[in-house]
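Dear colleague,

I am handing over the structure we spoke of, and below it you will find what came out of going through it. Please read the notes with the structure open beside them.

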Amino acid sequence: MDTIIYGGRIVSEDKVYQAHIGIKGEKIAVLTPKLAIPKNIPVIDATGKYVFPGGIDVHTHFQLTIKKGLSTSETFTTGTMAAACGGITTIIDFATQQRGESLSQTIKKRKQEADNQVCIDYSLHCAITDWNEQSKKELSKLVELGIPSFKFFMVYGDRGWNADDAVLFSALEEARRLNALIMVHAENEAIINLLTQRYGQREFRKKFGTYALSLSRPNFVEVEAIHRVITWAEATGGALYIVHTSTGEGVTAIHSAKAKGITVFAESCPQYLLLTDAVFKKKTGYLYATCPPVRTKQDIAKLWQHLADGTIDIVATDTCSFTRKQKSRGSNDFRKIPYGIPGVETIIPLLYSEGVRKKRITLTQLIQLVSTNPAKLFGLYPRKGTIQVGADADLVIFDPKQEKIISPNTLSTACDWSPYQGYRIIGLPILTLCRGKIVAQNGTFIGQPGYGKFIARFISSPFCKLISSTHY
């Protein structure tokens with residue numbers, strides 16, 4: 001063995017137990033309740049601490065150019081540094097197709113941006129914006145290459161990204177044939193455009209400020225779109241994954257669909273679990289603008305309820321970071337705000353502090369939501385998302401007693417603000433290992449850019465049985 005983690009309490013998807021871990025190379029080689037420590041082997045003392053499998057954030061946007069002159073503040077390097085400090089050992093980002101571009105070209109270009117830059121392991125979803133016969137034929141090739149998840153937008157027609165019902169139906173049919181997963185940003189674009197034009201008028205912008213964003217994207221634009229795409233999933237038998245579910249009614253619709261046996265999965269994000277639309281009434285409300293927007297206390301309560309009952313399968317971040325200066329370009333007009341917020345560094349401690357400690361979810365549910373379910377659903381299990389012999393030594397030593405106040409000054413992110421600044425969190429990752437190598441310690445990155453590897457993913461069939469929400 002190269003390293004021993006001694007005395008920690010292992011947290012898996014279904015139990016918490018005392019054991020020692022022996023690491024050989026990049027893998028877990030030993031997992032045992034009793035261990036005589038050999039001489040001259042480095043020992044990490046985890047006494048009084050938890051040992052988590054590394055977190056997997058399946059929804060990040062690093063090094064993303066929105067338009068000429070506007071790119072996210074986090075590069076692949078800085079974003080994965082921050083992720084490591086927060087206990088994340090794998091991210092899945094997006095390669096977004098340009099019109100007229102083959103999917104293979106899309107993936108190749110994005111890998112060139114990420115390779116030799118990422119500090120932890122990564123993979124890619126392919127976001128398809130030009131669905132045609134050629135794109136359809138290429139899906140099988142990408143699945144063979146280890147990219148079995150494809151994202152479609154029901155919005156962003158101004159960028160040429162929006163998919164109509166026929167595209168979604170066709171893609172879900174193909175996904176069923178290939179054991180692939182279709183990810184959908186579900187909002188009704190036509191109604192959003194109508195309401196954006198209405199509340200974008202000067203009198204409303206002056207009256208409501210950034211809160212006009214909420215008025216332009218009310219709950220029902222998400223709920224209707226979720227119902228619609230669930231209909232296509234039921235009709236085709238294709239596997240559907242709803243990204244960043246934000247509304248109580250939306251997650252209730254997914255709950256009902258699961259109960260009917262429809263293959264649909266739900267993701268939500270910390271911002272929808274913790275923030276309300278009251279933030280838009282602040283002087284700096286433009287900082288919090290993201291799509292979908294954060295909602296109400298009632299929505300938050302419903303989302304936590306469906307986290308606890310297993311309807312929501314995964315919590316990811318949708319990290320898309322812009323600085324205060326970048327966000328301020330829309331301080332007087334919500335239509336000009338670059339949408340997105342940071343969060344990859346804070347997801348695990350926030351879910352522990354606000355979820356586990358407040359008894360909204362259990363400790364094992366936390367691991368399901370941020371590690372095991374992401375690994376199982378997106379084709380990384382059992383290499384990742386679990387602590388067992390043969391798995392990658394992606395491990396987090398977590399101190400349940402350590403505290404801090406979230407502040408840009410206490411975070412590693414390249415972004416100069418946090419939507420959770422001022423939150424007092426109890427429970428922090430103090431050591432992060434990716435494939436057996438320590439990459440972060442006490443909130444400081446100590447790894448090496450370029451250490452991360454691209455991980456090919458292969459979804460098992462029928463993969464829906466791999467998810468822990470088996471009570472449906």
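A84 lies in helix α1, which covers residues 76-85, and, in what is a predicted model, A84 is buried, with a relative accessible area of 0%. Once its neighbours within four places in sequence are left aside, A84 is in contact with I120, T432, V439, A440 and F445. For a pair that is separated along the chain, take A84 and T444, which are 360 residues apart in sequence, while their C-alpha atoms are 8.8 Å apart in space.

The next residue is P292, which is found in the loop between α10 (270-274) and α11 (297-308). P292 is likewise buried, and its relative accessible area is 0%. If residues up to four places away in sequence are not counted, P292 touches E187, E222, H244, S246 and Y272. P292 and T247 are 45 residues apart in sequence, and the distance between them in space is 9.1 Å, taken from C-alpha to C-alpha.

Finally, there is helix α13, made up of residues 347-356, where ten of the ten residues are buried, so that the helix is largely enclosed by the rest of the structure.

With best regards

Notes: Residues are numbered from 1 along each chain as its sequence is written. This is a predicted model: local features need pLDDT of at least 70, side-chain atom pairs count only at pLDDT 80 or more; totals for chains, interfaces and linings use all residues. Side-chain values use heavy atoms; hydrogens and water are left out. Buried means under 20% relative accessible area, exposed over 50%, partly exposed in between (1.4 Å probe, protein chains only). Helices (H or I, at least four residues) and strands (E, at least two) are DSSP runs, numbered from the N terminus. Contact means heavy atoms within 4.5 Å.
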